[in-house]
Amino acid sequence: LFVFCLVLKKQMVRPKRCKRIFFQPGITYFKPAGVPMRALKEEIISYEEIEVIRLIDLKEQDQKKVAEKMKISQPTLSRLLKEGRKKISNALVNGNAIKIQGGNFEVHGN
């Protein structure tokens, strides 16, 4: 009888940093008109993704300034922007609902 032991090293995961947001939408669910809820797939967008999209696309602020304001790196900001836009595009093209929820953030005043 042979017994093999496999020792798995527990990788230290870098803790996620809390991102700053300055706005929380009052409405957090959007769905196509005329489609029953039970027939919809959802795209879940984090509060950080919505905040980045709001500041870059709606407020037309500079990415470098937004990254500094939110206390995140530019690569992180770019990733959040790309992921958020992709989720919104997918929802619009494929008729999915958009649900804003989750994330790792703290709300700050302007």
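**View 1. The N-terminal end of helix α2 is capped by Asp62.** In this predicted model, a side-chain oxygen of Asp62 lies 3.2 Å from the backbone nitrogen of Lys64. A polar contact is a pair of N or O atoms within 3.5 Å; within protein, one must be able to donate a hydrogen and the other to accept it, and residues adjacent in sequence count only if both atoms are side-chain atoms. Helices (H or I, at least four residues) and strands (E, at least two) are DSSP runs, numbered from the N terminus. Beyond α2 comes Lys71, with a positive phi near 60°.

**View 2. Helix α2 (residues 63–70) has Val66, Ala67 and Met70 as its buried residues.** Seen down the axis of α2, these residues fall within an arc of 100°, so they line one face of the helix; the arc is that of the directions from the helix axis to the C-beta atoms. Lys65 and Glu68, on the other side of α2, are exposed. Buried means under 20% relative accessible area, exposed over 50%, partly exposed in between (1.4 Å probe, protein chains only).

**View 3. The cover over the buried residues of α2 includes β1 (19–21), α1 (47–58) and α3 (74–94).** Contact means heavy atoms within 4.5 Å. Along the sequence, the elements of the protein run β-β-β-α-α-α-β-β.

**Notes.** Residues are numbered from 1 along each chain as its sequence is written, and side-chain values use heavy atoms, with hydrogens and water left out. As the model is predicted, local features need pLDDT of at least 70 and side-chain atom pairs count only at pLDDT 80 or more, while totals for chains, interfaces and linings use all residues.
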